[in-house]
Amino acid sequence: MKYEDIIYRVEDRVATITLNRPDRMNAISPNLEAELHRAFDAADADRAVKVIVLTGSGNAFCAGFDMGARARKGEAGPADPAGKSIAEYLEFWQRNDGGRVAKWEHMWRLGKPIIAAVNGWAMGGGFWYQLAADVTIASDRAEFAQPEVRHISNSSFLFAALCGWKAANRWALTGDHFDAQEALRIGMVNEVVPHEALMERVYALARRMALVPEPALRLNKAITMQGIQAAGLHAGLLVEGVLGALAHASHDAYREELHVVQKTQGMKAFLDKRDGPFQPEPMGPRSAKARAAKAQGGKDGGKKH
């Protein structure tokens, strides 16, 4: 099977799926997401595969859904209500958000465990995919956020289900960035490792899992993932689908301003207007501490010794 936006390979009973749009920070296009789920099915059907590893190429795991594709062509994106009736706009978001639960449950139905190897930025939809993985191991350079809430979008109930409602509210109600150590503290990732050791650690765990007999891997994953859905996660995600659609469809004057900026000035101007009031971020490379260290490094680098 040929892929355009992912890299798929199998070695030592481990299928590695690499999101491969590094020029777009592996942002999720419709084609990439379709290929990703086809690759999940391919790995699940392959008797030579026992574990799946999901990662990203370049400096990002995944920067979220690609908002800039149509903007780069000067076209209105699906979030833009221009030219749509109220009914059409609501229908688009109801179908989009109502169908999101099927993506996560597809991952949980697989008989092979998925290990997310978060090698860098995990934002928006990328944040959600690492949440939905069975195990997540993060590089110490990983950065997490849902900044899309700043332009009227939704979080995921997965966040609260995994980390608790206090932690979910702290980060989902601001869209703030947080680092790998905070992700570990709130229970969102299993482990944080030095960046250079990330894939070595991930493959060591994958090979260890692969030693377990296939029926035990498949059925014990099912006990956990089917059990947690039966215990209420599925119902919570159905509610998310409805409320997420309402959030996305709540287009107001502020978001209209953002859309005009995006269409007339480009994606960078859009992000500057959206995120500017939130700078500096509390953690990570855009925090005040990191910026001060970078500035100091630049001064020190300019000194003669």
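The model is predicted, so local features need pLDDT of at least 70, side-chain atom pairs count only at pLDDT 80 or more, and totals for chains, interfaces and linings use all residues. Residues are numbered from 1 along each chain as its sequence is written, and side-chain values use heavy atoms, with hydrogens and water left out.

**Stop 1: the sheet.** Select E4, E6, E8 and E9. These 4 strands form an open sheet in the order E4-E6-E8-E9, with mixed pairing. Strands are DSSP runs of E, at least two residues long, and helices are runs of H or I of at least four, numbered from the N terminus. Two strands pair if DSSP finds at least two bridges between them. Look at the edges: E4 (60-62) and E9 (178-179) each have a single partner strand, so one side of each lacks a neighbour in the sheet.

**Stop 2: E8 against E9.** Select residues 143-145, which are E8. E8 and E9 run antiparallel, joined by 2 bridges. Phe144 has Phe178 in E9 as its bridge partner.

**Stop 3: the helix across.** Now select 125-132, helix H5. H5 lies across E4, E6 (121-123), E8 and E9, at about 95° to E6. Axes are lines fitted to C-alpha atoms, for helices over the stretch in contact (heavy atoms within 4.5 Å), and angles run from 0 to 180 degrees between N-to-C directions.

**Stop 4: the rings.** The structure holds 10 aromatic pairs. Rings of Phe, Tyr and Trp (its six-membered ring) pair if their centres lie within 6.5 Å; planes under 30 degrees apart count as stacked, over 60 as edge-to-face and the rest as tilted. Show Phe144 and Phe178: centres 5.7 Å apart, planes at 20°, so stacked. Both are buried (under 20% relative accessible area; exposed is over 50%, partly exposed in between; 1.4 Å probe, protein chains only). Phe159 lies in helix H6 (residues 157-163) and Phe178 in E9, so the pair ties together parts 19 residues apart in sequence. Ring pairs link Phe127, Phe144, Phe159, Trp171 and Phe178 into a cluster.

**Stop 5: charge over ring.** Arg170 lies over the face of Trp171, 3.9 Å from the ring centre. The criterion is NZ of Lys or CZ of Arg within 6 Å of the ring centre and within 35 degrees of the ring normal.

**Stop 6: the cysteines.** The structure holds 0 disulfides (cysteine sulfur pairs within 2.5 Å). For Cys62, the nearest cysteine sulfur is that of Cys163, 18 Å away.
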